[in-house]
Amino acid sequence: MFKLFEPNKIFKITSKAPRYVLFLFIVVLIIGLVEALILSPEDYKQSDAVRIMYVHVPAAWISLGIFSSITFLSICGFVFRNKNFFLISKSLAPSGFVFNIVALVTGSIWGKPTWGTWWAWDARITSMLILALFYAMYLIVWRIYDNEEKVFKISTFITILGIINVPIIKYSVDWWNTLHQPASINILSKSSIHSSMLYPLFIMTAAFALFSLLIFLMKYNTELIKIKNKGLDRL
Amino acid sequence: MINELFLMNGYAVYVLSAFSFTLLSFLGLYLITKMQFVKEQNKFVAKFGTLTTEQAKSAKSQRINKEILANATIN
């Protein structure tokens, strides 16, 4: 089954896909920005400050999603001894890290008008900061070690340790008394957010997901060319 | 209307700085990733140019190498 995912076979698709993904990303982003900044209503309590939600929430969701995917892929790579899983994980990490930083910074900017402070050592914010540290460690390991086997082992270990933090981030607002508000969107029950705000939020999430796909494809292609460069040296 | 849009009830500085930071981060990451890609692609093309006819023929037998060369920005 894994033969279908061999780099030689999928490069033809991944090398052409970025230009279409970039076009789609720009279109969805423009629609999302118009919805988020102009068309969506202001909040009765937070007024226009609520618009920060349209960049903060999708960034946090996607950074959590990417870290979970990286962990799953790293474990698969280890179990099935398939290098391609590690290559995909490595290519996903930079966009996950940037989304994590965006979530932290925009959350801090949102905190000033709503809580009166840029930063608080609150459970949700601190656990998101810890996730950023795990992302940083994961990326550093790929940079400092040359021995692939060692990188695979250490990076998988980091992701397994880091994944423990993901449910802590999710449930921190329920388990502890925090400044951060509880989740407004629930998959299993009715969301407490109005559809006029929900649609722009989903459009911005789609735009952010397309951006992470774009970066992933570009990074994955770069990694494949790096491997081919080493192959030419051996000829 | 325009004033309302830009002032955002006094929250414009927070809202616009959050959106600007996000978009600038995206732009930065895109440019860095693009630069790394082009650098590796150029390196590949340069290395390919130094191969002997026999080596080039062997390297070209792999579809992925042909794809990289076809998509390269320099020749």
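How many helices and strands does chain A have? Keep that in mind as you go through these views of a predicted model.

**View 1. The helices of chain A.** Chain A has seven helices and zero strands. Trace the chain along its sequence and you get the pattern α-α-α-α-α-α-α.

**View 2. The overall dimensions of chain A.** Follow the C-alpha trace of chain A along its principal axes, and it spans about 65 × 35 × 30 Å.

**View 3. Inside chain A.** Here we look at burial and contacts. Out of the 235 residues in chain A, 39% count as buried. Now take the contacts in chain A with a separation of 6 or more: 77% of them come from residues 24 or more positions apart.

**View 4. Where chain B meets chain A.** On one side of this meeting place are 36 residues of chain B, and they are in contact with 38 residues of chain A. Three helices of chain B, α2 (12–49), α3 (53–60) and α4 (63–71), each supply at least two residues of the side that touches chain A. Which helix gives the most to that side of chain B? That's α2(B), with 21 residues.

**View 5. The kinds of residues chain B brings.** Stay with the side of chain B that touches chain A: its residues divide into 18 nonpolar, twelve polar and six charged.

Terms used. Residues are numbered from 1 along each chain as its sequence is written. Chains are lettered from A and ligands numbered from 1 in the order in which they are written. This is a predicted model: local features need pLDDT of at least 70, side-chain atom pairs count only at pLDDT 80 or more; totals for chains, interfaces and linings use all residues. Helices (H or I, at least four residues) and strands (E, at least two) are DSSP runs, numbered from the N terminus. A residue is buried if 20 or more other C-beta atoms lie within 10 Å of its own, exposed if 12 or fewer, and partly exposed in between; C-beta atoms are placed from the backbone. Two residues are in contact if their C-beta atoms, placed from the backbone, lie within 7 Å. Ala, Val, Leu, Ile, Met, Phe, Trp, Tyr, Cys and Pro count as nonpolar, Asp, Glu, Lys and Arg as charged, and the others, Gly among them, as polar.
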